Each structure stands twice: as C-alpha cells, then as structure tokens.
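Work through the exercises below with the sequence and the 3D structure in view. Each task is followed by a solution in steps.

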Amino acid sequence: MKKNKFNEKFNNWPIKKKLLFSHGCIIVSTFVFIVILLCALVYMENRLVKLYEGPTTNIKYSSQLYYPQIDIQRAVNRTMAEGADQIDETYPQLEETVNEDLALIDDAYGVLKDNLLTDENKAVLEEINNMLNNEVTSYREQVLAYLKEGDFEAAREYNNTYYKPAVDDVKAQISELEEMIEATASSYRQSASVTAIVMVILGVVVLILITGIAVRLTMKVTTAVSVPVKELTDAAEIMYSGDMSAAKLIEHVSEDELGVLAEAMRGTMNNLDAYVREISETLVQIAKGDLTKNFNEITDFLGDFASIKESFVYILREFNITLTQIQETSRQVDTGSEEIAHAATDLSEGTGEQASAVQELAATINTVADMAANSAKQTQEAYENALKSAKVAEEERVQMQALQDEMHRIMEISGEIEAIIITIEEIASQTSLLALNASIEAARAGDAGRGFAVVADQIGKLATDSAQSVVNTKQLISKTVEEIEKGDRITEMTASAFENIITEMQNFAATAKGVNENAESQAKALGQIEQGIEQITLVTQQNAAASEECSAISEELAARATELDSLVAKFVLHEG
C-alpha cells in the first residue's frame with residue numbers, strides 16, 4: 001500500500017525532481033559506500049598500527065632481553081678465555097659490556113611492561129624479570145667477583161654450574177615469551193586479514209546494493225519518462241499519418257510535465273478529430289447538394305481553426321446567395337424568352353396578314369392595268385378602284401407602322417435580354433471564382449477536402465457551361481437583333497413605298513378623268529407600282545423568316561434557362 005502511494009506520488013513529481021531524487025540517492029549511496037570504505041581503511045590502519053606498535057615492537061624488545069644474556073655470557077667466556085694475564089684489560093671491558101647489556105635489558109623490560117597486551121605475557125615477563133633480578137644477577141655478580149679476584153677456575157666452575165643454567169632458563173623463558181608475542185602478532189595479522197576480507201566483502205555487498213539501487217532508480221525514472229514519451233510519439237506518428245482518433249492511445253495520467261503534455265495532446269487530437277468529422281459531414285452534405293446547414297450549428301473552432309469555420313460559413317452563404325440568384329435569373333430569362341416567343345409569334349402573324357394584303361394589292365393593280373389597257377371608258381371605274389386601292393394601301397401602311405412598332409419593341413426586349421445575359425455572365429464569373437477559391441481551400445485540407453474539391457469542380461463546370469450558354473444565347477440574340485434591325489430597315493422602306501403608292505394612288509385618282517390622255521403615264525406608274533409590290537412581297541418574306549428565327553432563338557433561350565434552373569434545383573438551399 002505504501003509502495004503504491006509512493007509510486008503514485010513519484011509519478012506526479014516533476015521530471016527535474018525525479019532526476020534530482022534518483023541522482024541524489026545514487027550520490028548518497030556512493031557517499032555511504034565511500035564512508036564505509038574509509039572506516040574500513042581506518043580500522044585496518046589501526047589494526048596494522050597496533051600490530052606494529054604491539055606484537056612487532058614486543059618481539060623487538062623481547063630480543064633485547066634475549067641477546068644481552070648471550071652477549072654477557074660471551075663476554076664472561078671471552079674474559080675467562082683470555083686468562084689471568086689479561087684480566088686487567090678484559091675485566092673493564094666485561095663490566096662495560098655487562099652494564100650496557102643490563103641497560104638494554106632494563107629498557108626492554110620497561111617497554112614490554114607497558115606494551116604487553118595479555119596478562120599471561122605480563123606474568124611471563126614478571127617471572128623473567130624476577131629471575132634476572134634474583135638468581136641471574138646474584139650468579140653473574142659471583143662470577144664477576146671470581147674473575148676480578150683472578151680465580152678463573154672457580155669462576156668457570158660457578159659459571160657452568162649456576163650462572164649458565166640460570167641464563168639458559170631465562171633464555172628459555174624469553175623464547176617462550178617471544179613465542180607468545182609471535183602468537184599474539186599472528187592473531188593480530190589474522191584479525192587484520194579477516195577484517196580486510198570482511199571489509200572487501202562488505203564493500204562488494206554495499207557496492208552491489210548501491211548498484212542495484214542506482215539501476216532500480218534509473219529504470220524507474222527511465223520508465224516514468226520513456227513510457228509516456230513512447231505513447232506520445234506513437235500517437236503523434238499516427239496523427240501525422242492523418243488519423244486523428246489516436247487520442248485513446250495516450251493513457252498516461254500524471255501531474256508532471258509529461259502528464260500535462262499528454263493531457264494537451266489528448267485534448268488537441270480529440271478537437272482535431274471532432275473538427276475533421278464535422279468538416280467531412282458538412283462536405284458530404286454539400287456534395288449531395290444539401291446547402292441547408294445552419295451556420296450557428298457549426299462548432300466554434302479554437303484558435304487558428306476559427307478561420308475554417310469562417311470559410312465554411314462564407315462558402316455556404318455564398319453558395320446559397322449565388323444559386324438563389326441563378327435560380328431567380330433563370331426564371332427571369334425563362335419569362336423573357338416566353339415574351340420574345342409571343343412577340344415573334346405576333347410578328348409572324350402580322351407578316352402573314354401583310355403578305356395577304358400585298359397579294360390582294362397586286363391583284364388589284366393587275367386589274368387596274370388590264371382595265372386601263374382595255375378601255376378608257378372604264379376610267380371612272382378605275383378611278384373608284386384607285387380610291388379603293390389607296391384605302392387598302394393606307395391600311396397596309398398602318399399595319400406596316402404597327403409592324404415597325406413591334407420591331408422596336410422586340411429590340412427593346414432584346415436590350416433587356418442582353419442586360420440579363422450580362423448579369424448571368426457576372427454570376428457565372430463569380431461562381432467560377434468561388435469554385436476556384438473552394439478548390440484552393442479543398443487542396444489545403446488535403447485528403448479530407450477531396451469530396452469538397454469534387455463539388456467545387458462541378459460548380460466550376462456548371463459556371464463554365466452557364467457562361468458558354470450565355471455567350472451562345474448572347475450571340476443568338478445579337479443575330480436576332482441584327483435581323484430585326486434589317487427587318488426594321490426593310491419595314492421602313494416598305495412604309496416609304498406604301499406612302500409613295502398612296503401618293504401615286506391619289507395622283508391617279510386626280511388624273512383618272514384624263515386617263516386617256518395620260519394612259520402611257522398611268523401604264524408606267526402601274527409598272528412602278530407592280531415593282532413596289534414585288535419589293536413589299538420580298539420584305540414581307542424576310543420579316544416572316546426573321547420572326548421564325550427569333551421564335552426559335554427564344555425557344556432555345558427558354559430551354560437553356562430551364563436547364564440552368566434544373567441544375568440549380570439539385571441544391572437544397574437555406575431558407576434564410
């Protein structure tokens with residue numbers, strides 16, 4: 001339980017604190033190891049110092065107990081060997097040697113007394129000291145006394161009987177003491193060796209523990225850092241490939257920097273996923289022709305993504321406005337084309353009536369010519385027929401004036417149609433520009449904008465077809481206007497001819513009484529009238545053909561308007 005709490009608390013630490021904690025533990029452990037190692041070295045140093053200052057020094061001074069005994073014994077033997085003749089010279093040397101050796105013995109005894117570690121060693125030392133101070137000293141003094149007196153035989157006998165055995169006993173005791181000191185030194189050496197081994201083992205154990213702690217802390221810190229970094233890296237790679245649903249892969253939760261980063265990455269990827277889904281759904285609706293998306297229902301994108309919402313709102317609004325205008329314009333074009341068709345039909349009917357009247361006028365002129373050729377007696381009748389012809393010509397002139405007015409009306413309607421065509425051209429241009437902008441935005445969106453790019457291409461093609469249809473319609477209307485202008489000129493010529501005919505009819509009526517005298521003039525006038533009638537017939541035929549062509553153009557324009565309206569009808573527009 002405590003371990004879990006510590007792990008949770010450790011995971012929530014900042015990365016800097018984690019690293020400081022791990023490094024601090026490693027440093028403290030290393031410091032502890034160094035302290036233990038130094039303590040072991042100090043302990044071994046103390047043991048070695050004690051070994052040197054204790055048993056080793058004692059062995060040295062025990063030798064000072066041993067070898068002076070030998071040296072004194074040799075000096076005695078040497079004095080005895082020199083004989084009585086040299087006693088004066090050898091005895092002072094013997095005393096000097098004895099005094100020096102006794103000083104060494106006293107010095108060694110004082111050192112050993114202070115440095116011996118065990119009671120057993122001290123007891124042996126005391127026994128040796130007692131022997132030296134009692135038996136050995138008394139025997140040596142007696143030997144020296146015999147030598148000083150020159151009694152070498154007594155000195156030799158006493159030396160061999162008492163002094164030398166006593167010295168041998170002391171030497172044996174000193175050897176035993178040395179063995180005991182050597183044993184103590186050996187125990188000290190063994191203890192130091194064991195201590196060194198224990199310290200090495202302890203150092204290795206502590207080093208292993210420190211290494212284990214360091215490895216454990218390193219693995220813990222590495223896991224605390226590498227696992228969330230691996231999750232974030234995998235999620236970022238998946239997000240880079242275009243999959244915004246990788247937020248579920250980020251499971252790391254903590255209060256350190258990586259936890260904050262993981263939470264930020266999860267929120268970012270969830271927002272992007274929501275944005276992509278909404279953009280895709282909206283583009284699918286647009287691709288299906290559904291433009292009824294409510295602007296207020298689009299999610300408020302955050303930060304720099306807010307421009308995407310603005311672009312969506314702008315595109316939807318412009319699409320609705322543009323397509324609504326195209327619908328309205330197509331209806332206006334359809335209505336105008338119907339009016340042109342009705343006007344063309346009326347013009348065609350008027351032209352037919354005009355042709356019939358011209359045919360009647362031609363028949364009348366032929367009758368008048370025949371009557372003028374046959375008999376001058378029928379002058380009065382010709383006069384009356386001339387008046388009738390003048391009346392008919394006046395009616396035809398009135399019809400021609402109506403035809404002329406209808407031509408002007410057609411030209412005015414053509415001007416209105418041209419204005420509508422210009423408006424449609426502007427709409428097509430704006431639609432093409434809007435499709436281009438939409439294609440650019442779709443290209444920026446990458447794979448997510450392919451569907452929208454298809455819609456933009458279709459709208460661009462629709463705008464191009466609309467523009468081309470407008471151009472064709474404009475050309476047809478221009479041709480119609482030209483033909484109407486030609487018909488208007490011909491009509492004006494026909495009206496002028498009718499006025500001439502009426503004038504001639506009036507002159508003919510005035511001069512009918514003198515038809516006999518002016519028969520040739522009347523025949524010529526009738527010939528001119530016949531030519532005028534032929535010209536009127538030709539103009540009438542041209543008017544009929546122009547009115548039929550105008551009717552066909554209006555039907556084509558109506559069909560184009562219907563096609564445009566059906567294309568726009570594929571889109572469901574926003575009611576607002």
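**Exercise 1.** In which helix are Arg266 and Glu263, and how many residues apart are they?

Solution. Before starting, note that this is a predicted model, in which local features need pLDDT of at least 70 and side-chain atom pairs count only at pLDDT 80 or more, while totals for chains, interfaces and linings use all residues. Residues are numbered from 1 along each chain as its sequence is written, and side-chain values use heavy atoms, with hydrogens and water left out.

Step 1. Arg266 and Glu263 belong to helix α6 (residues 257–287); helices (H or I, at least four residues) and strands (E, at least two) are DSSP runs, numbered from the N terminus.

Step 2. The two residues are 3 residues apart, so about one helical turn separates them.

Step 3. Their side chains meet in a salt bridge (2.7 Å, N to O). A salt bridge is a side-chain nitrogen of Lys or Arg within 4 Å of a carboxyl oxygen of Asp or Glu.

Step 4. Arg266 is buried at a relative accessible area of 14%, and Glu263 is partly exposed at 49%. Buried means under 20% relative accessible area, exposed over 50%, and partly exposed in between (1.4 Å probe, protein chains only).

**Exercise 2.** At what angle do helix α3 (residues 87–115) and helix α4 (residues 119–149) pack?

Solution. Step 1. The angle is about 170 degrees, and the axes are 12 Å apart. Axes are lines fitted to C-alpha atoms, for helices over the stretch in contact, and angles run from 0 to 180 degrees between N-to-C directions.

Step 1. The angle therefore makes α3 roughly antiparallel to α4, a term for angles over 145 degrees.

Step 2. Residues in the contact include Leu94, Val98 and Leu102 of α3, and Leu125, Asn129 and Leu132 of α4.

Step 3. Sorted by class, the contact has 12 nonpolar, 1 polar and 5 charged residues. Ala, Val, Leu, Ile, Met, Phe, Trp, Tyr, Cys and Pro count as nonpolar, Asp, Glu, Lys and Arg as charged, and the others, Gly among them, as polar.

**Exercise 3.** How many helices and strands does the chain have, and in what order do the elements run?

Solution. Step 1. The chain has 10 helices and 2 strands.

Step 1. Starting at the N terminus, the order is α-α-α-α-α-α-β-α-α-α-α-β.

Step 2. Of the 576 residues in the chain, 39% are buried.

How values were computed: Parallel < 35°, antiparallel > 145°, perpendicular 65-115°, else oblique. Contact = heavy atoms within 4.5 Å.
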